[in-house]
Amino acid sequence: MQHILLVEDDPSLAKNLKELLEADGYQTTLATNLKAALDAIANEGFDLVLADIALPDGSGYSICTAAKRQAETPVIFLTASDDEASVVTGLDLGADDYIVKPFRPMELLSRIKAALRRSGKLQSVFTVGDLRIDTVRATVHKGQREVYLSALEYKILLVFVNNRGTVLTRDRLLNAIWDIAGEYVNDNTLTVYIKRLREKIEDDPQNPGIIKTVRGLGYRVDG
């Protein structure tokens, strides 16, 4: 599981981002100011840093410098400022990407994966039973046969694979996938898509061995 340092001083945004990252399978440590972020970088190892630039006790640019000096850790800046000078400064310091608020959650997750992939920190092939999921090629094979999934089915499968061994509630699944189709996905739609996904990847969809139902709680995929 990749470990992300999230540096954001806005309580509401920090909470939503942390939930988004954890729903997508990332261990997430939150720092709400520059000092806490620099302390975390000095004492822990991170696979990626996602940092606001304007912090109450200083500039997020210092975080980028520290992260790059520590272990060439990928850094993505989140900022409300889109002026050219800010962008150039961030990139000149070695930042891997620069995202202006407000942003789309799925675009952010995609950029995080791209930065991790470029740095060699992202596992690209996963196996669950006789399933093989290649996230670089976006393909799924069951044994030797390729399984063709819709965008939403594929996203649901990735959420499960990134959270193997963890019980995922329906609310957590809905929060992770709500905007893949550009609109809110309701509870009934989720039921339909999990049924379709099981029909494509399970040996016996009526008695699933991959996506297991945990009664009263949600679903779980084991490693």
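Trainee: Why is helix α1 called oblique to helix α5?

Mentor: The axes of α1 (residues 11-23) and α5 (residues 105-119) cross at roughly 60° and come within 11 Å. Angles under 35 degrees count as roughly parallel, over 145 as roughly antiparallel, 65 to 115 as roughly perpendicular, and the rest as oblique. The crossing of roughly 60° therefore makes α1 oblique to α5. The axes are lines fitted to C-alpha atoms, for helices over the stretch in contact, with angles from 0 to 180 degrees between N-to-C directions. As for handedness, α1 passes α5 in a right-handed crossing.

Trainee: What should I know about the model itself?

Mentor: The model is predicted: local features need pLDDT of at least 70 and side-chain atom pairs count only at pLDDT 80 or more, while totals for chains, interfaces and linings use all residues. Residues are numbered from 1 along each chain as its sequence is written, and side-chain values use heavy atoms, with hydrogens and water left out.

Trainee: In α5, is leucine 109 buried or exposed, and how do you know?

Mentor: Leucine 109 is found in helix α5. Leucine 20 is 89 residues away along the chain, yet the C-alpha atoms of leucine 109 and leucine 20 are separated by 8.6 Å.

Trainee: How do you know which side of α8 its buried residues line?

Mentor: The buried residues of α8 are Leu190, Tyr193, Ile194, Leu197, Arg198 and Ile201. Seen down the axis of α8, they fall within an arc of 140°, so they line one face of the helix. The arc is that of the directions from the helix axis to the C-beta atoms. The face turned away from that buried side carries the exposed residues Asn188 and Lys195. As a rule, an α-helix has 3.6 residues a turn, so residues three or four places apart point the same way.

Trainee: What is the span of α8 set against?

Mentor: Helix α8 (residues 187-201) has 15 residues and reaches 21 Å from its first C-alpha to its last. That is close to the expected 21 Å, where the expected span is 1.5 Å times one less than the number of residues. At the start of α8, a side-chain oxygen of asparagine 186 comes to within 3.2 Å of the backbone nitrogen of asparagine 188.

Trainee: What makes isoleucine 194 count as buried?

Mentor: Isoleucine 194, found in helix α8, has a relative accessible area of 2%, so it falls in the buried class. The C-alpha atoms of isoleucine 194 and leucine 152 are 9.8 Å apart, although the two residues are 42 apart along the chain.

Trainee: Why are the buried residues of α2 placed on the same side?

Mentor: In helix α2 (residues 34-43) the buried residues are Leu34, Ala37, Ala40 and Ile41. They cover an arc of only 130° around the axis, which puts them on the same side of α2. The face of α2 turned away from its buried side carries the exposed residues Lys35, Ala42 and Asn43.

Trainee: Is glutamate 72 buried or exposed, and why?

Mentor: Glutamate 72 lies in the loop between α3 and β6 (75-79). Its relative accessibility is 55%, so glutamate 72 counts as exposed. Its phi is near 50°, a positive value in a residue other than glycine.

Trainee: Which classes do threonine 135 and alanine 138 fall into, and why?

Mentor: Threonine 135 is found in the loop between β9 (131-134) and β10 (139-142), and at 18% relative accessibility it counts as buried. Alanine 138 lies in the loop between β9 and β10, and at 47% it counts as partly exposed. Phi of alanine 138 is near 55°, a positive value in a residue other than glycine.

Trainee: What is the peptide bond from lysine 101 to proline 102?

Mentor: That bond is cis, with omega near -10°. Proline 102 lies in the loop between β7 (97-100) and α5. The helices and strands named here are DSSP runs numbered from the N terminus (helices H or I, at least four residues; strands E, at least two).

Note on methods: Buried < 20%, exposed > 50% of the residue type's maximum accessible area, 1.4 Å probe, protein only. Polar contact = N/O pair within 3.5 Å; in protein donor to acceptor, adjacent residues only side chain to side chain. Left-handed = near helix turned anticlockwise from the far one by under 90°.
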